[in-house]
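Subject: Structure handover

Hello,

Here is the structure for you to take over. My notes on what was found in it follow below.

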Amino acid sequence: MSKKEPAEKRNHLRGVKFITEDLAEQILSGNLQPHSKLPGVRELAESYGVSAVTVCKSIGALKRRGLIEAYRGIGLFAAEPDRKEKQLYQRTHTDFHVGLIHQNKAGFHVTGDIHSAWYIDHLMDDWITCAIQRCEEFGFRHTLFDHFPEESDPCDAYLCLTTVMKWKTVAEMTRKPILFLSSRPPENFSIPENWIAPDLYAMSRIVVSRLIDRGYRRIACLCGIDTAAYQSRIQAYRDVLEAAGLPFRKEQVFRSDSSEWEIRKQIEKLLSLPKELLPDAVYCISDRRAILLQDRLQELKIKVPAEIAIMGFDGCEEARRRGISTITIPVGDIGSWGVNFLNGLRTGSLHPPFHFLFCGELFPGKTC
């Protein structure tokens, strides 16, 4: 085959797709009314600047979709689109404006720690990216805001990516549909606002269960301070241990804020446990803790996972690159489904208030 032939073939395929979608657009938009007659094959070929074969392929595709009817000796006619085609067209061509509310550098306000600030902002970037992609797939207009547009209410609905915003305060600023995307579920599941979040409890059960399935029995925990987000994961850690007939010991739970100095201090306390309490595995409720623990064990020439296994939480890129077993926060799913749910509110197929929890994906690295 010559080098010229593949290029011609690619141009031909692009021509078929373009003509098919162009004629479909005219029929579905109403520019070509049902039962109206279309130009003949040769006339269409001339107007599009392609061969009659290319036009025939497009007509065949449109006939299979039920958008064109062909009568031998009479000609081509626009058909009445079926319900599925109409719904798909309306979904992707509606003038629906979504406001994406995010917070620049929100992480630092939450933790005061530069690493955690970067991590939270990184999550928010992923949410935004996936939400924008889904908006574009639906044909929705979208605008980014770093705070709610208080002086006006320009959008048809809003996604609020929040870590520190008060939900009730934002919800009171608009009568439009609003959905909160959160890095953790709210403490009160009966709140009247719509929200979706990762299922931290279920995800914690998954990773602790993996440690037990791999044969580890003395499992310690490096976690954060006593907040609701950590309480649910600690509760899952405890529930899984007890369900497996293993003891839950408070002296094997080490709490710290997100600063490197505090985490390192708790790691030293963990490694100083008496022999009967020294763990054979450590569940780190953040990949930051898992990374610092991995570094310290390497300094002490303690073999991972032969002597001490490590399980992280968050699924951050650096942890996975280092081979740390972890579970990902499903930010992509949350951002994408957020737009899906707003569309459900728009079409009336979803009724507020609604709450959804998403589970992340386990990354089985080399540390357990």
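Serine 286 has a relative accessibility of 9%, so it counts as buried, the cut-off being under 20%. Please keep in mind throughout that this is a predicted model. Serine 286 sits in the loop between β10 and α11, and its phi is near 155°, a positive value in a residue other than glycine. Aspartate 314 also has a positive phi without being a glycine, here near 135°. The loop that holds aspartate 314 runs between β11 and α12 (317–321). With a relative accessibility of 13%, aspartate 314 counts as buried because that value is under 20%. As background, most residues other than glycine have a negative phi, and most peptide bonds are trans.

**Cis peptide bonds**

Valine 304 and proline 305 are joined by a cis peptide bond, with omega about 5°. Proline 305 belongs to the loop between α11 and β11. Proline 352 and proline 353 are likewise joined by a cis peptide bond, with omega about -5°. Proline 353 is in the loop between α13 (331–347) and β13 (355–358).

**The protein as a whole**

There are 13 helices and 14 strands in the protein. Its chain has 368 residues, of which 48% are buried. Among contacts with a separation of 6 or more, 69% are between residues 24 or more positions apart.

**The four-stranded sheet**

Four strands form an open sheet in the order β9-β8-β10-β11, and their pairing is parallel. β9 and β11 (309–311) are the edge strands, each pairing on one side only. From one strand to the next the twist averages 20°. Helix α8 (residues 200–213) packs on this sheet and touches β8, β10 and β11. The direction of α8 makes about 170° with that of β10.

The pairings of β8 are as follows:

- Strand β10 (residues 281–284) runs parallel to β8 and is joined to it by four bridges.
- In that pair, alanine 220 stands opposite valine 282 of β10, and cysteine 221 stands opposite tyrosine 283 of β10.
- Strand β9 (residues 253–255) also pairs with β8 in the parallel sense, over three bridges.
- On the β9 side, cysteine 221 stands opposite valine 253.

Together with β8 and β9, α9 makes a right-handed β-α-β unit. α9 also lies across β8, β9 and β10, and runs at about 175° to β8.

**Packing of α10 against α11**

Helix α10 (residues 260–271) and helix α11 (residues 287–299) pack with their axes 10 Å apart, at an angle of about 55°. That angle makes α10 oblique to α11. The crossing of α10 past α11 is right-handed. On the α10 side, the contact is made by Glu260, Ile263, Arg264, Ile267, Glu268 and Leu271. On the α11 side, it is made by Arg288, Arg289, Leu292, Leu293, Arg296 and Leu297.

**The segment after β14**

Proline 364 is in the segment after β14 (362–363). Which residues does proline 364 touch, not counting those up to four places away in sequence? They are Arg210 and Ser325. Serine 325 is 39 residues from proline 364 in sequence, and their C-alpha atoms are 4.8 Å apart in space. Arg210, the other contact of proline 364, falls within α8 (residues 200–213), the helix that packs on the sheet described above.

Regards

Methods:
Residues are numbered from 1 along each chain as its sequence is written. This is a predicted model: local features need pLDDT of at least 70, side-chain atom pairs count only at pLDDT 80 or more; totals for chains, interfaces and linings use all residues. Side-chain values use heavy atoms; hydrogens and water are left out. Two strands pair if DSSP finds at least two bridges between them. Helices (H or I, at least four residues) and strands (E, at least two) are DSSP runs, numbered from the N terminus. A crossover is right-handed if, with the strands pointing away from the viewer, the path from the first strand over the helix to the second runs clockwise. Axes are lines fitted to C-alpha atoms, for helices over the stretch in contact, and angles run from 0 to 180 degrees between N-to-C directions. Angles under 35 degrees count as roughly parallel, over 145 as roughly antiparallel, 65 to 115 as roughly perpendicular and the rest as oblique. A crossing is left-handed if the near helix is turned anticlockwise from the far one by less than a right angle, and right-handed if clockwise. Contact means heavy atoms within 4.5 Å. Buried means under 20% relative accessible area, exposed over 50%, partly exposed in between (1.4 Å probe, protein chains only).
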